[in-house]
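The following exercises concern a predicted model. Each one sets a task and then works through its solution step by step.

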Amino acid sequence: MKKIEIVQNILEANESIASQNQRLLDEYKVFAINIMSSPGAGKTSLILQTIARLKDKLRIGVVEGDFASTIDADKVKDEAAAVVQITTRNMSEQCALIANMVSHALKCLPLGDIDLLLIENVGNLLCPAEFVLGEHRRVVISSLPEGDDKPIKYPIIFADADAVVINKLDFLPYVDFDIAAFEKAIKRLNPEVKILQVSCKTGAGIENWCSWLLDELKANRTGK
Amino acid sequence: MHELGVTESIVKIALDKAKEAQASRIVKINIVVGELSGFVPDCIEFYFDFVSKDSIAEGAKLHFELAPAEFRCRTCSTIFHSHDSTWTCPECQSQSVEITGGRELYVENMEVE
């Protein structure tokens, strides 16, 4: 019997494909956002609002990730410059997108005709936190009906986020969601994070979200 | 469930290293899993039997070492472990902390014949 020292990161294969994805995106000057949240928090709604506000300024592509169905791709297909649906049902990872799935999606997209790529991850606050895709920014959406305890229950996804979008602000009169406590719970782990309040239903706050996106896209292009 | 892909990676790493070492059988694989990582040892074990079947890793024992959650206080730089979810610095009671450990997922070593 002999012992072999290994010390090899098990997620290295995913991380290496993610780096290749990012190199490809950079080559085509595509700025990619990984949008994560629980199911129903408003990922598709935020994507639709973003396209509605920015489609005159940017060519926007979308990658939709779901366990099953093409419902989300059908919703955005008339609005986006291009859309690809990934269904994870028969894949080795079902609960999150992984870099390899995005690598295949990128091959199906006209990258030369896209400025901004919105990647909608599978609705889940746990698994997507573990898999980088090659994105330039990570965004988490939390909606008021979910409750303000999500950063305490799922800290990792919030600790790694570049921005957190609080959606369904129009629900504020009906739910006990302490926005200050929610923000504090995130900032203690992630002091640099940008927190934005929106309602995809009324359009409130979408302007600020789009300004953040445009600023980040510019910062990425100038290599900041 | 996302442990199938991870288990495939573990078996691939183990088989590659066993080949390099010209081993004929993998007896035990030691894996470090962080307490805060989203990976469940039981699920990896469940998939391992099926992923390693008909390879020299078939029948190998998986041993998991749990790496504890570790934090660095952003106020006084104290490194500490926390066994509850309050994650408060034991020195200055600050709640502003950086996660410095507990997210690991790696194959540490293995025993072969």
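**Exercise 1. Pairing across the chains**

Glu5(A) stands opposite Asn109(B), a residue of strand E6(B). Task: determine which strand of chain A pairs with E6(B), and in which sense.

Solution. The strand of chain A is E1, residues 2–9. Its pairing with E6(B) is antiparallel and extends over six bridges.

**Exercise 2. The side of chain B that touches chain A**

Task: state how many residues of chain B are in contact with chain A, which elements give two or more residues to that side, and how it divides by class.

Solution. Step one is the count: 30 residues of chain B are in contact with 28 residues of chain A. Step two identifies the elements of chain B that give two or more residues to this side, namely helix H1 (3–20), strand E5 (97–101) and strand E6 (105–112). Step three sorts the residues on the side of chain B by class: 15 are nonpolar, nine are polar and six are charged.

**Exercise 3. A helix crossing in chain B**

Task: describe how H1(B) and H2(B) cross, and list the residues that make the contact.

Solution. Two packed helices are described by the angle between their axes and the distance between the axes. The axes of H1(B) and of helix H2 (residues 41–51) of chain B come within 9 Å and cross at roughly 60°. H1(B) is therefore oblique to H2(B). The crossing is right-handed.

The contact is made as follows:

- from H1(B): Glu3(B), Leu4(B), Val6(B), Thr7(B), Glu8(B), Ile10(B) and Val11(B);
- from H2(B): Cys43(B), Ile44(B), Tyr47(B), Phe48(B) and Val51(B).

By class, the residues of this contact between H1(B) and H2(B) are nine nonpolar, one polar and two charged.

Note on methods: Residues numbered from 1 in each chain as written. Chains lettered and ligands numbered in written order. Predicted model: local features only at pLDDT ≥ 70, side-chain atom pairs only at ≥ 80, totals over all residues. Contact = placed C-beta atoms within 7 Å. Helix = DSSP H or I, 4+ residues; strand = E, 2+ residues; numbered from the N terminus. Nonpolar A, V, L, I, M, F, W, Y, C, P; charged D, E, K, R; others polar. Pairing = 2+ DSSP bridges. Axes fitted to C-alpha atoms, helices over the stretch in contact; angles between N-to-C directions. Parallel < 35°, antiparallel > 145°, perpendicular 65-115°, else oblique. Left-handed = near helix turned anticlockwise from the far one by under 90°.
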